[in-house]
Amino acid sequence: MSWLSSERCSVRGRRASRRTYRRSVRALIWTVAAFAMLGAAYPAGVVLAQDPAPSPEKMVRFDVGENVYVRSLAFDRRRGSLWVGTSVGVLEIDVAQQNVKQIFTRDQGLANEYVFAIGIAPDGAVWFGTNAGGASRYRDGKWKTFFPLHGLADYWVYAFAFPDDETVWIGTWDGASHYDPDGDK
């Protein structure tokens, strides 16, 4: 059974009805909308609105497809892109042009299409945390994937943190892993 089964859902490790899951998603959407209306930013730096008092007419909707779920977002200031992690891969959206620049799936090098986390590293690398696929790093047009056999705590990756020393903390289902890029060169 997948985490987002059409018949049952899991919330905090317990079975929950589809209705409970939808309520959780609605609450999240309303929270995001509230941040957008206030011109706030997510802690990861995703700017939801720049106008101090945006009207609903200024919101742009990107349709990612039927039965496709957006699970993570990250804004890349260097590239002027919004990275969108979905249940079928990753979209890189050009914010100025408001169009899709690139789409990444397993065919391009992504470890798994179910993307739960996106992190933008100080060196410009983009990290993707997946559902049962480990972590994938996209840097300078090249992919590298990390699994437990590389030291990752688990295959389910949910968070990234980038301290000033250019290392990466990776939050997984089974704990946190610390990656030092100097050991990878």
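Which residue in β10 is the bridge partner of Ala135? Keep that in mind while reading the points below.

1. **The model.** This is a predicted model. The protein has one helix and 13 strands. Along the sequence, the pattern reads β-β-α-β-β-β-β-β-β-β-β-β-β-β.

2. **The sheet.** Look for an open sheet of four strands. Their order is β7-β8-β9-β10, and the pairing is antiparallel. β7 (115–120) and β10 stand at the edges. Each of these two has a single partner strand, so one side of each is left without a neighbour in the sheet. On average, neighbouring strands of this sheet are turned by 20 degrees against each other, direction ignored. As background, strands of a sheet pair through backbone hydrogen bonds, either parallel or antiparallel.

3. **The β9 and β10 pair.** Strand β9 covers residues 135–139, and strand β10 covers residues 142–146. The two run antiparallel and are joined by five bridges. Now the opening question: Ala135 has Phe146 as its bridge partner in β10. Further along, Tyr138 stands opposite Trp143 of β10.

4. **The turn.** β9 and β10 form a hairpin with two residues between the strands. Asp140 in this hairpin takes a positive phi near 55 degrees.

5. **The whole protein.** The protein has 185 residues, and 35% of them count as buried.

Technical notes:
Residues numbered from 1 in each chain as written. Predicted model: local features only at pLDDT ≥ 70, side-chain atom pairs only at ≥ 80, totals over all residues. Heavy atoms only, no water. Pairing = 2+ DSSP bridges. Axes fitted to C-alpha atoms, helices over the stretch in contact; angles between N-to-C directions. Buried < 20%, exposed > 50% of the residue type's maximum accessible area, 1.4 Å probe, protein only.
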